[in-house]
Amino acid sequence: RAFREMVALDRFSLFFNLSFCFAAALTVMLSIDWLPRRGAERGEYYALIFFALLGMMLMASGTDLIVIFLGLELMSVAVYVLAGINRKSPRAAEAALKYFLLGAFASGFLLYGIALTYGATGTTNLTLIGLQIGTSELGRSTMLLLGLGLLLIGFGFKVAAVPFHMWAPDV
C-alpha cells in the first residue's frame with residue numbers, strides 16, 4: 001500500500017514511460033554502429049542505458065520527492081558513466097568528472113530542499129504538499145519557501161536551466 005502512494009500509474013506517466021522506452025531503443029539501435037567506430041565497445045553500455053531508462057521512468061511516475069530523487073540519481077549516475085564511456089579519450093574523462101562533481105553539488109541542493117520541505121509540511125508526497133500549501137498558512141513559511149527554492153536550484157542545475165547552464169557545454 002505504501003509504495004502505491006509513491007508512484008502513479010496514469011496516462012501521463014504511461015506516455016512518458018513509453019516515450020523514454022522509444023528513445024532508449026533508438027539510442028541502442030544508433031549505438032550498434034557508432035560504438036565500434038569510436039572504439040568504445042563496452043559490455044556495460046547497454047546496462048547503463050537500461051539504468052538511465054529505469055531512472056527516467058521512476059521520475060515520470062513518481063508522486064513523492066524521495067522517489068523522484070532516487071529516479072534522478074539512478075539516471076544521473078548512469079549518465080555520468082556514459083559521458084566517460086570512451087576510456088581512451090581524456091576529454092571524455094574530464095567531461096564525466098565535471099558532470100559528476102556538478103551533479104553531486106546539485107544533489108546536495110535537492111536533498112536540503114527535500115529536507116526543508118519535509119520539515120515544513122511533514123510529508124514528501126507531492127499531492128499532500130500541494131494540499132497543505134493551498135489550505136493553510138504554509139505559503140508564508142520561510143522554511144517551506146527556502147526548501148522550494150533549494151529544490152528549484154537543484155533541479156535547475158540537473159537540467160542545465162538558465163542561469164545554471166554554463167557547465168553544460170563542457171560535458
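Tutor: Two residues are in contact when heavy atoms lie within 4.5 Å, and among contacts in the chain between residues at least 6 apart in sequence, 65% join residues at least 24 apart. This is a predicted model, in which local features need a pLDDT of at least 70 and side-chain atom pairs count only at 80 or more, while totals for chains, interfaces and linings use all residues. Residues are numbered from 1 along each chain as its sequence is written, and side-chain values use heavy atoms, with hydrogens and water left out. The pLDDT, the predictor's confidence in each residue from 0 to 100, averages 86 over the chain, and 94% of the residues score at least 70. By element, the mean is lowest in H5, at 85, and highest in H2, at 93.

The chain holds 6 helices and 0 strands, counted as DSSP runs (helices H or I, at least four residues; strands E, at least two) and numbered from the N terminus. Its C-alpha trace spans about 60 × 35 × 25 Å along the principal axes, and 37% of its 171 residues are buried, where buried means under 20% relative accessible area, exposed over 50% and partly exposed in between, with a 1.4 Å probe and protein chains only.

Just after H6, Ala160 takes a positive phi of about 60 degrees.

Leu110 lies in helix H4 and counts as buried because its relative accessibility is 1%. Leaving aside residues up to four places away in sequence, Leu110 touches Phe69, Leu72, Leu150, Leu151, Gly154, Phe155 and Lys158.

Aromatic rings supply a further link. Rings of Phe, Tyr and Trp (its six-membered ring) pair if their centres lie within 6.5 Å, with planes under 30 degrees apart counted as stacked, over 60 as edge-to-face and the rest as tilted, and the structure holds 10 such pairs. One of them joins Phe109 and Phe157, which are stacked at 6.3 Å centre to centre with 15 degrees between the planes. Because Phe109 lies in helix H4 and Phe157 in helix H6, this pair ties together parts that are 48 residues apart in sequence. With a relative accessible area of 14%, Phe157 is buried, whereas Phe109, at 22%, counts as partly exposed.

For comparison, helix H1 (residues 11-38) has 28 residues and reaches 39 Å from its first C-alpha to its last, close to the 40 Å expected. The buried residues of H1 are Ser13, Asn17, Ala24, Ser31 and Leu35, and they pack against helix H2 (45-61). Just after H1, Gly39 takes a positive phi of about 70 degrees.

Definitions and conventions:
The expected span of a helix is 1.5 Å times one less than its number of residues.
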